[in-house]
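Subject: A structure for you to explore

Hi there,

Here is the structure I promised to pass on. Have a look at it first, and then read on for what I found in it.

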Amino acid sequence: MDEDQAARRRSEEEGLERGEETAREGQPSPAWDSRVEWDQQDLLMGLSGRESREAAGPEEAAEPEPESGVPGGRRGEGRAGWEPAGPGGGERAAPEGGVAAGLEGGRGGEGRGEQDQTDGEGRAGESRSRSEARQQAGSQGAPGSGTLRGGYWEGSRERHRERKVKRRAKGTKQVESKYRPEKKPDLPQERRQAETQKNVVLKGETSEACPCWLSEQRRRPPTIQISLSPKPRRQSQWSSLCHTSVSVINELAQMGDPDVLEMVQEEERISNREAEYIFGMNEQSLSSRETSFLISEEPAFKKDEQSKDSIFFRDGIRQIDFVLSYVDDLKKEADPKAERRKEFEQNLRKTGLELEIEDKRNSEDGKTYFVKIHAPWEVLVTYAEVLGIKMPIKESDIPLPENIPFSCMLEPLKLPKNVKHPHPEYFTAQFTRHRQELFLIEDKSSFFPSSSRNRIVYYILSRCPFGVEDGKKKFGIERLLTSNTYSSAYPLHDGQYWKPSEPPNPVNERYTLCQNWARFSYFYKEQPLDLIRDYYGEKIGMYFVFLGFYTEMLSFAAVVGLACFIYGLLSMDTNSSSTEICDPKIGGQIIMCPLCDLVCDYWRLNTTCLASKISHLFDNESTVFFAIFMGIWVTLFLEFWKQRQARMEYEWDLVDFEEEQQQLQLRPEFEAMCKHRKINAVTKEMEPYMPLYSRLPWYFLSGATVTLWMALVIACMVAVIVYRLSVFATFASFMESEASFKHVKSFLTPQITTSLSGSCLNFIVILILNFFYEKISAWITKMEIPRTYQEYESSLTLKMFLFQFVNFYSSCFYVAFFKGKFVGYPGKYTYLFNVWRSEECDPGGCLIELTTQLTIIMTGKQIFGNVKEAIYPMVLNWWRRRKARTNSEKLYSRWEQDHDLETFGSLGLFYEYLETVIQFGFVTLFVASFPLAPLLALLNNIIEIRVDAWKLTTQYRRPVAAKAHSIGVWQDILYGMAVLSVATNAFIVAFTSDIIPRLVYYYAYSKDATAPMKGYVNDSLSTFLIADFPNHTAPWEKRDFTTCRYRDYRYPPDHDQKYFHNMQYWHVLAAKMTFIIVMEHVVFLVKFLLAWMIPDVPKDVLERIKREKLMTIKILHDFELNKLKENLRANSSELAKEVLIQENKTQLAKSTV
């Protein structure tokens, strides 16, 4: 400091000497210019802290500014509610009525606690005493009053004190913001004669014209600058000097102060009044170049000109990685939520995050505050190492796989290469901040993809503490969201989905996804999986990989199922069974027994002609083949999915992936309920612990609730059966009595009408039960108090799947395996609750009814699901935007646009998987009864992919990125359903279909070699004597025929064992059981052979993994070796220097001796 002051004094003396010489020649003094520049530097060096202290108050403005760990020596009490961040620090804007937030960096920034209002009053007296002491010290060190400089020094200080007194008395109105800049005092109306006569401008008065003062910390007396000649071209120096306040405002705008707009407007009003006054003085007496400081600068920041699609802080440099929003309740003075937010944001700054707050006055609804979060480079590299994120170290030299044959035929299905593979292949390694030179870092701002950035920020948010309540440390953004401390937390989309981003915003990946993935016209195109992974993360990306692969595999099953359906369609007219039923001489002469008691009449077999033909479409010789094929297909699907999953693990750097730490983190609810602690066997740290006896009651309650709801599903199914039984008689009597139904009786029989209406009613009941059970299951799972998020999701998955399995499949299981199997025979029917007679199958079998049930439930669920997924978020978003857009003139910013979108939620992906797995059950469990099920599922999935893509891209907030190397527990569920599907399809073919009885008749009971199936219908029907009907079951009307037929294998009335099962029944039953055993063993044998033959990881992927591991180890070895060589070389050179110095000293000592 002494050397600087001496240098300044020497420069002043030299400047005065050159000024005198130049004045004699009539030229401006060069020392003048250098002096002005020197004064500008002095002023700007102390200006930042001075501006904030002036805004805080006169007493605080007088305090000297202590040094800080932040470059530039800025204090944590920062500017108008904002502080620039150090390498590990952050900044925040204080909301209206809040407390200023200071720097909380990881490198020595001062805490925000210095600015608490509770400490403000205690520090005021101390501040005033320090100010008086400095004034006394300043007066003692001032120049003598006998000199010209001393006179101006004393005069300027006296005027400064007078103006401070006037300012306090007048109570000047200030801008309403957290830190209000002082309104500049009006200039005096009288012109000072001393100033106008000598034509001098005091630097201290220049400072008074601006809302800033020269640093009293330096205590330098003002210098007198004498105008020697006018030179208007030099105006910019004085303009920058005297309008430093405007420059400071511009700097505050770049740093993100929320109240800069009001400060700019107030500054312009004050400066305009001063300019008018001083220009009036200038016209009378001032003509020197010093008056150029009166020219105002144009402010650099204009809020209303900010781009609404900007994803940066107001400085246009720092990218917004996460956004928090909240609504401040002004009615509650001591709101604990505000304290939690304050503590939480302060701790976020301590971790190194940078914050910027948007005041509620800038929001659309005028109520919501937005906290924008940016993760600087130091935070990213630190947590990238913590999370084990792999980053590129070298471009891969492994050649791409060769094109498969006929790949040119698939060109229309492919996307452009820059969309399918937006980045080249790299060798990767886990990021380490101490080896940054090893990684391919071209641009730090874009090195980490946006999904990794928001994942890192969410990792910090989920672990950041916000206080201690009830003696327990509380932490995590999820708990704050649950308590409504914050209303939402979400990462930002890249920009608008309907237009690309404009500079300086980065490439809008959202727009690229919308154009190449979320368009329904691209339904035949492949998915940009790498782009999905880069934007949404591996967990969501893996779901779309699975859905896409499942859809591809469904195409093969759909082709085979369609072929089987076409075969049944072509063979319909040549089918002997339907031909005999439709023949008036055969089916028209067969009188069938009544289908219900009393009100139902006898009927002829040919009335079911159409139903028998439709039944043949799905119940023919190809049914057996298709059931076996689907058993093999499901095995191939799961084995090939293992390979596809392994390939994606390699391509997405998930080979050495460990379970996401976020999933293993303790849930806040678990910690809140725990009263015990024990040492973790792995970490050796104390952690919350809940004994088993404390959780057993909730486990029993959970099990009882699930069982109760499953019983409720069964009860609803029984109710639907009762409905079918009760209305069947009504339909039958009504259609017989009404002449208008005679024309539709041929295709709309009472059986079909009852089946259709019952299936529709059952579907409605399924949707209602599903809606309520989703709420109940979530509540029950929370009551179990799972320890981690992974346990919570697994428990919820088990409950939801068990219930949905029973809910969606129970009616299908009933029709396939129970309906018509325990009916009895005429005269001795079985009754449900001793009231309703059990349902009978159609003479052609129950398969057609199973097909009807499956078709209605499957297609209805898919249509309802797609409509709900598309319409529901769109309507909600429209209504939310309609309510929010009350002030259309305000900036509808990027974070507000995303705030008005629907939330995807942590369980959003869970329901997507659940929907897909339920559909997989329809395709595999009952596919033997409906060969078109894979085709319907294929069409649905083609639409489902685009609907999911559209809603994620346009209607939902951007989900937090998460890692996943597989589809998790759903893969085990798929394996279980694949095994179960083999048994169900075997039983459907054996007991529901009519194929086995036809084969038995063909090989054992046929009497016509030329037409082996001739007489099958008559052989499959047994005879009953009408006289044997009990009185309470016989029809009211008497008929002239004596017997009727019913479907079963029983002895006739004239046999000794009448109405008992005959030998053909046992033959058919034995054939059915044999078929089940043979089919299951064959399919399981093929499944195990395929699983053994198909490796889980493809050979080429294994080779790539080995190659990458080898190259990674080699690159790391070379890097460390080169680093070691450089260190040794540097150490050796230093050692040689030391040796040389010692030798020189020795020689010097010898020479002196």
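Helix 31 is mostly covered, with 17 of its 18 residues buried. This helix runs over residues 908-925, and its first and last C-alpha atoms lie 26 Å apart, close to the 26 Å expected at 1.5 Å a residue. Please keep in mind that this is a predicted model.

Which residues touch the most other members of the largest nonpolar core? They are W633, F637 and Y809, in a core of 119 residues. Helix 20 (residues 538-570) gives the most to this core, namely 16 residues. Another core lies apart from it and has 47 residues, including V379, F427, L438 and L480. As general background, nonpolar side chains tend to be buried together in soluble globular proteins.

After helix 27 comes I785, with a positive phi near 55 degrees.

There is also a pair of helices to look at. How do helix 18 and helix 19 cross, and at roughly what angle? The axes of helix 18 (residues 509-516) and helix 19 (residues 529-536) come within 11 Å and cross at roughly 145 degrees. The crossing is left-handed. On the helix 18 side, E509, R510, T512 and L513 make the contact, while helix 19 brings L531, I532, D534, Y535 and Y536. Sorted by class, this contact has 5 nonpolar, 1 polar and 3 charged residues.

D653 has a phi near 60 degrees, a positive value in a residue other than glycine. You will find D653 in the loop between helix 23 (622-651) and helix 24 (661-664). Is D653 buried or exposed? Its relative accessibility is 14%, so D653 counts as buried, since the cut-off for buried is under 20%.

Y1059 likewise has a positive phi in a residue other than glycine, near 65 degrees. Its place is in the loop between strand 20 (1043-1047) and helix 36 (1063-1093). With a relative accessible area of 6%, Y1059 is buried.

Enjoy exploring!

Best wishes

How values were computed. Residues numbered from 1 in each chain as written. Predicted model: local features only at pLDDT ≥ 70, side-chain atom pairs only at ≥ 80, totals over all residues. Heavy atoms only, no water. Core = buried A, V, L, I, M, F, W, Y, C linked by side-chain atoms within 4.5 Å. Buried < 20%, exposed > 50% of the residue type's maximum accessible area, 1.4 Å probe, protein only. Helix = DSSP H or I, 4+ residues; strand = E, 2+ residues; numbered from the N terminus. Axes fitted to C-alpha atoms, helices over the stretch in contact; angles between N-to-C directions. Left-handed = near helix turned anticlockwise from the far one by under 90°. Contact = heavy atoms within 4.5 Å. Nonpolar A, V, L, I, M, F, W, Y, C, P; charged D, E, K, R; others polar. Expected span 1.5 Å × (residues − 1).
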